[in-house]
Amino acid sequence: MTSTDSKSVKKKQQAGSGSNPKPAVDTGLIKRLWFYVRPFRWFLLLALFLTLVVTFLGPLRPWLTQVAVDDYITPGDIDGLLWIIGIYVLVLVLETLFMIAMTFTTRWVGQNTLYRLRASVFEKINNLHTGFFDKNPIGRLITRTTSDIEALSDLLSSGVVNIIGDLFRIVFIMAFMLSMSWELSLVTFLTIPILIYATFWFKAKVRVAFLEVRDQIARLHSFIQEHISGMSVVQLFNREQKEAERFDQINAGHKNAYVKTIFYFSIFWPIVEVLASVAMALVVWYGGAQLLAGDVTFGILLAFIQYVRQFFMPIRDLSDKFNTLQSALAASERIFAVMDEPNQIQNPANPVTPQDRKGTLEFENVWFRYRDDEDYVIKDLTLKVNSGDVAAIVGATGAGKTTIINLLTRFYDIQHGSIKVDGVDIRQMDLYELRSRFALVMQDHSLFSGTVMENITLGNPDIPEEKVKEAAEMIEAHKFIEKLPGGYDFVLRERGNSLSMGQRQLICFVRAMVYDPDILILDEATSNVDTETEQLVTRALSRLMTGRTCIVIAHRLSTIRYADTIIVMHKARIREQGSHEELITSANGIYRKLYEMQYKDQVVARG
């Protein structure tokens, strides 16, 4: 376990044992969960009614046993005995039928509630600002939408209703016992104070333990997700053994956290069993003496022995349900922590829409940094790109090229200055309206599991198949798509791994074409393709860029030499700006040096 995780666990342990411990059941979390249960409240009430019927029918059976023994077997009344046996069988049949209906109803409510909650969590994650994902590992977010929500399954499917049912079962059993013999009842209840103390001790310990378990599960998922995604790097650098050792440490942390919960249960369950056995012994001892003295009947003693077994069964079940409750509440805390994450990129209350869709871009004295304690990665940026122009951005790694794209599409908000699209500050525009003006083709191909058609249209029903094929022909991707098994219905594997690098890139270009953006952004779009494929991609780009404002980030200067303007970024600032011909004539210019480094075998004319 890392030092950070150790500190986190210690804080939780202090919270559980301090002067103001956190309540075992957080009513605030219960209220928030109720929001998702509320649409199914009538079915929940039906499930609760069915549960109460089942919890009443169960304790009714020992009472029927007592009546059968004392009123019919002892006097030798065969007809009456047959009648009571018929009632007993009817009670069993009704209990079974009501239990079936209760189980189905509670689980139906639980799964529908989980469906709503899972959809809300994914929608929240889907709309969070990009900076959130910089700070939160993907594996942890996967845990929130999968195993953390699944941890609520037992609670919402049966836990709450069964907890109420077990409590009422205890009440019904106590009522039947007191109605038969208050003295034997008090003897049975002698073990309850010890049981109450053990239960409160158990609750205090197991809550912190389950919080630690959820932390360890998130670490485990995060590590596995990252290393499976980067398995080729792990194997290439012969890191299998080292990464296996790191995994063993995380896996051991997860195991140790779970063993701690097992330890508490291994103490609590035997205590309940021992107390049940002690209560049974007391009933047999005291009840046997009363039977010999003639103060109780044999039927009452027999019924009490059955009631003692039934009495401790729901108590033992409650410890299991409390296990479920604690695990669910620990998961809920983590789920709602994501739900409560403020979105730093907000839509304006009264959005402004530009009158024209020309694609003019303006940066005015823009300053930006990712965190308040870091240096600015964009400093005093002033730039204008006219409608239909191609603006290329070059510079060393870390100069701020991709950051400009992130700011333009408002994945991050700037600290100072303004960015305008067609004369309107992007912070005054509706986010959907703003981003609908852009198409982005990146170095990392954004393809998903699904058909080629679904990857091009992204599920937009307004894009007809004819438009997709027309765009594919313009981009010169139609031929290779038609040769795929199933053509446009060919199902891609994860991240499009069933296609070559160039084919994946062409599909991304087709997607950009069918969405017909005002502004096209290319972020190292040709960096991962071979020379032959680059020629095909270059032809596709020339068609895609026609009539649009284009922002191009590229390391290969051959792809941008015909840009209308080239912006050279260096250490977060614009150092040079102009056409290729203008920049290449500067003897000591940054662009000229970059060009000479790439084409050192060629003679560069001196201006």
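**Stop one: a buried strand residue**

Start by selecting Thr 565 and whatever touches it: setting aside neighbours within four places in sequence, you'll find contacts with Val 390, Ala 391, Ala 392, Gln 577 and Gly 578. Thr 565 itself sits in strand β11, which covers residues 565-570. Is Thr 565 buried or exposed? Its relative accessibility is 14%, so Thr 565 counts as buried, the cut-off being under 20%.

Next, select helix α2, residues 27-37, and highlight its buried residues: Leu 29, Leu 33, Tyr 36 and Val 37. Now look down the axis of α2: these buried residues fall within an arc of 95 degrees, so they line one face of the helix.

**Stop three: a nonpolar patch**

Switch to a surface view and pick Ile 78, Leu 82, Ile 85, Val 89, Val 93, Leu 97 and Ile 100; together they make a nonpolar surface patch of about 660 Å². For orientation, Leu 97 belongs to helix α4, residues 78-127.

**Last stop: colour by confidence**

Remember that this is a predicted model, so finish by colouring on pLDDT. The chain's mean pLDDT is 81, with 88% of its residues at 70 or more. Residues 1-21 have pLDDT below 50, and this stretch makes 21 contacts in the model beyond near neighbours in sequence. Residues 601-607 are also below 50, with nine such contacts.

Terms used:
Residues numbered from 1 in each chain as written. Predicted model: local features only at pLDDT ≥ 70, side-chain atom pairs only at ≥ 80, totals over all residues. Heavy atoms only, no water. Patch = residues over 30% accessible without salt bridge, like charges linked within 9 Å, V, L, I, M, F, W, Y side chains within 5 Å. Areas by Shrake-Rupley, 256 points an atom, 1.4 Å probe, with all protein chains shown as cover. Salt bridge = Lys/Arg side-chain N within 4 Å of Asp/Glu carboxyl O. Helix = DSSP H or I, 4+ residues; strand = E, 2+ residues; numbered from the N terminus. pLDDT = per-residue confidence, 0-100. Contact = heavy atoms within 4.5 Å. Buried < 20%, exposed > 50% of the residue type's maximum accessible area, 1.4 Å probe, protein only. Arc of directions from axis to C-beta.
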